[in-house]
Amino acid sequence: MYRCATFVLFLALGIAFQLSHGTEVNVTDKDNNLCLYANLMVNFSVSYKVADNKSATAEFELPANVASDGSTCDATSSVLKLTFGEGHSWSVNFTRSEKTYQADNITFSYNLSDTTVFPNSTSNDTTTVTVLTHITPVGVDTCYSCKSKDTFEADLVNQTLWDVLIQAFVSNNSTSENITSCAADVPTTPVAPTTPVAPTTRAPNTTTAEPVTNSTSTAPPPPPTTPTPTLPAPTTGQYIFKPDGNSTACLMADFGLRIGIKKEEMNFEPNGTTVTGKCEVNSSELVLTSNTVTITLTFVNETKTFRLHALNVTGKTSSGVMFSEANTNLSLWQAAVGSSYMCNKEQNYTITSMLTLYTFDLRVQPFGVKKGVFSTAHECSLDDTSILIPIIVGAALAGLILIVVIAYVIGRRKTYVGYQTL
């Protein structure tokens, strides 16, 4: 059986070098045929809370001995999932088109109760971060290779990959000898220096007529600026998370979503979005992964009320700009546990200095879902028409008082003028 070629040829230098040994994994399908191969190295740097509201940083690497039981392969999608230590996991999702495949995102979950990795941690939670990869599409029946270091930054977590060799869709039970190298590994060709042009020598006693023009040359006016078209209202998606295929929904959310990054806005597309998450007693998490954006919403249960506590949005704008923004200190969408939160009107929230979120036709219930339907809704103030009644009555009374005052002033003035005439 061939392995992916473990060298990258440097054309300029004419030498080859071997990949250093990292974490090597062979994933087989239900027929016990090799369907996914990976050999890579990953370093993690994680900030976490310790006593006295201080922070510490844990630095560790993906061990050579991992379990890959959660990995899957099929014709159009594959998942490389590696579990290690006391409740940690690292996974990459791949999708395949007709001629290429690509890595869509990387998901890293770490267990803060592991005292070996996170000594003196004040939390026992398992935290998950998801980032988009920088891996460009790779040809089918080709190995992706990248010896250079590639760092992915997310909320409190940095992941650095290098010495990567992956083939996500292996055919014929054998990895390919063809290599697709990352851009950082490809040597650049130096640009030849430009040879200065010698000035033209004129023959003696020879004059050259210079062109004469009577018109003044002006630069053409700049083209008119085309205004940025207004985005249509985003499509409302219905997102339901079930712990497993045989259970009922434990978290439900309906909304249309628009994401603003700096001065660029884009609508979140629900079609093709995968829904994952978790449901626990005191926290729930909804993870939405589309082709370009991954959104993680974390809710907390505070005995009688719930709220959106944290939001992590990672993705790529339509112009190709990569971004990762997070806020872990939110107090949005609050309602009583056992009910749902609803706001049909458009709302906008400044999540970070770079990220603004717009919601449309929002309804969410992260706790106490029964029989797969929303419970009684707590309406936002924009939807609650009952508060308009006292406002209207107050405005009417204010207008009536103003009319009375004006009439009184006019009446007094006429009476005063009449007295002066007498």
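Modeller: Before we start, domain bounds here come from an automatic or database domain assignment. And keep in mind that this is a predicted model.

Colleague: Fine. Where does the second largest pocket lie?
Modeller: Look at who lines it. Residues come from domain 1 (23-185) and also from domain 2 (237-381). With both giving to the lining, the second largest pocket therefore lies between domain 1 and domain 2.

Colleague: Which residues are closest to the centre of that pocket?
Modeller: The second largest pocket holds about 690 Å³. Its lining counts 27 residues, and the closest to the centre are Asn93, Asn105, Thr107, Thr276 and Thr289.

Colleague: Which strand gives the largest share of that lining?
Modeller: Several strands supply at least two residues each to the second largest pocket: β5 (77-84), β6 (88-96), β7 (100-111), β8, β17 (274-279) and β18. The largest share is five residues, and it comes from β6.

Colleague: How many polar residues does the lining of the second largest pocket have?
Modeller: Take the classes in turn. Three residues of this lining are nonpolar and four are charged. The polar count is 20.

Colleague: On to the largest pocket. Why does it lie between the domains?
Modeller: Its volume is about 840 Å³. As for the place, the largest pocket lies between them because its lining takes residues from both domain 1 (23-185) and domain 2 (237-381).

Colleague: How many nonpolar residues are in the lining of the largest cavity?
Modeller: The lining is made of Ile135, Tyr144, Cys146, Ser148, Asp150, Phe152, Leu161 and Val164. At least two residues each come from β10 (143-146), β11 (150-154) and β12 (157-167). Sort the lining by class and one residue is polar, one is charged, and the nonpolar ones number six.

Colleague: Which strand gives the most to the lining of the second largest cavity?
Modeller: That cavity, with about 50 Å³ of space, is lined by Leu40, Trp90, Val92, Ile106, Thr133, Ile135, Phe152, Leu161, Val164 and Ile166. By class, the lining divides into nine nonpolar, one polar and no charged residues. The most, three residues, comes from β12.

Colleague: Which residue forms a salt bridge with Asp163?
Modeller: The whole structure has two salt bridges. In the one with Asp163, the closest N and O atoms are 2.9 Å apart, and the partner is Lys147.

Colleague: And how many residues apart are the two?
Modeller: Asp163 sits in strand β12, while Lys147 is in the loop between β10 and β11. The pair links distant parts of the chain, with a separation in residues of 16.

Colleague: Last one: what accessible area does the nonpolar patch have?
Modeller: The patch is on the surface and is formed by Val393, Leu397, Leu400 and Val404. One of them, Leu400, is found in helix α1 (residues 388-421). Together, the four give an accessible area of about 370 Å².

How values were computed: Residues numbered from 1 in each chain as written. Predicted model: local features only at pLDDT ≥ 70, side-chain atom pairs only at ≥ 80, totals over all residues. Heavy atoms only, no water. 1 Å grid on protein atoms, 1.4 Å probe; cavity = no way out; pocket = protein on both sides within 12 Å on 5 of 7 lines; lining within 4 Å. Points joined across faces, edges and corners; volume = space filled by probe spheres on them. Helix = DSSP H or I, 4+ residues; strand = E, 2+ residues; numbered from the N terminus. Nonpolar A, V, L, I, M, F, W, Y, C, P; charged D, E, K, R; others polar. Patch = residues over 30% accessible without salt bridge, like charges linked within 9 Å, V, L, I, M, F, W, Y side chains within 5 Å. Areas by Shrake-Rupley, 256 points an atom, 1.4 Å probe, with all protein chains shown as cover. Salt bridge = Lys/Arg side-chain N within 4 Å of Asp/Glu carboxyl O.
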